[in-house]
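Here are my notes on the charged side chains in this one. Have the model open while you read.

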Amino acid sequence: MAREKLKLCVFGSFNAGKSSLITALDPSSRHVEADCDGESTTVALDFGRVQVGEQQVYLFGTPGQDRFEFARKILSRGMDGAIIVVDSTTAPDDMMRELYAWLKGTGLPVVFMLNKCDLPGSRPSLYADAIGDASVHLISARTGENVHEALASFVKGIVRC
């Protein structure tokens with residue numbers, strides 16, 4: 001699948017690290033945020049661009065709150081693949097399960113990036129049953145650990161299809 005550009009959407013629950021992942025991949029990325037309990041949270045989208053080998057990749061981060069499902073549906077139109085970011089310090093939640101079921105049903109490539117693996121409470125094994133044989137990468141969006149390698153691996157798999 002030789003494409004000039006790839007559109008990848010980044011999904012996940014509130015506070016999983018979607019915006020941090022996009023920022024780690026593209027420090028000049030853009031974010032549409034609002035204040036939420038003294039912190040910022042994505043309310044529309046995050047947008048980043050990164051070059052992976054010869055491939056230009058556009059990253060669209062979706063909001064993680066249930067009420068923004070409409071935004072996730074709009075942003076996902078025309079996507080070439082999906083990244084599900086999860087907080088590996090917490091157990092799988094309903095949103096992650098619902099996102100995975102929906103994305104799996106699209107037939108598009110899906111990858112899990114288990115974030116916050118640098119933290120002492122990280123328990124990636126909690127996700128084994130929930131994600132089965134899906135592609136998985138352990139990352140830390142905060143430190144940038146393994147984010148470029150994980151994205152490159154995912155993109156290489158999409159381009160080969």
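1. Start with Lys-73, which is partly exposed at a relative accessible area of 32% (buried is under 20%, exposed over 50%, partly exposed in between, with a 1.4 Å probe and protein chains only). Its side chain meets that of Glu-69 in a salt bridge (3.9 Å, N to O), the term meaning a side-chain nitrogen of Lys or Arg within 4 Å of a carboxyl oxygen of Asp or Glu. Glu-69 and Lys-73 sit four residues apart in helix α2 (residues 69-76), so about one helical turn separates them. Glu-69 is partly exposed too, at 42%.

2. A word on provenance: this is a predicted model, where local features need pLDDT of at least 70, side-chain atom pairs count only at pLDDT 80 or more, and totals for chains, interfaces and linings use all residues. Residues are numbered from 1 along each chain as its sequence is written, and side-chain values use heavy atoms, leaving out hydrogens and water.

3. On confidence, pLDDT (the predictor's confidence in each residue, from 0 to 100) averages 89 for the protein, and 89% of the residues score at least 70.

4. How many salt bridges are there by this rule? The count is three. Lys-116 and Asp-87 make one of them, at 3.1 Å, N to O. That pair links distant parts of the chain, 29 residues apart: Lys-116 is in the loop between β6 and α4 (128-131), Asp-87 in strand β5. Lys-116 is buried at 16%, and Asp-87 is buried at 13%.

5. Arg-142 bridges to Asp-118, with the closest N and O atoms 2.3 Å apart. Arg-142 is exposed at 63%, whereas Asp-118 is partly exposed at 27%.

Technical notes:
Helix = DSSP H or I, 4+ residues; strand = E, 2+ residues; numbered from the N terminus.
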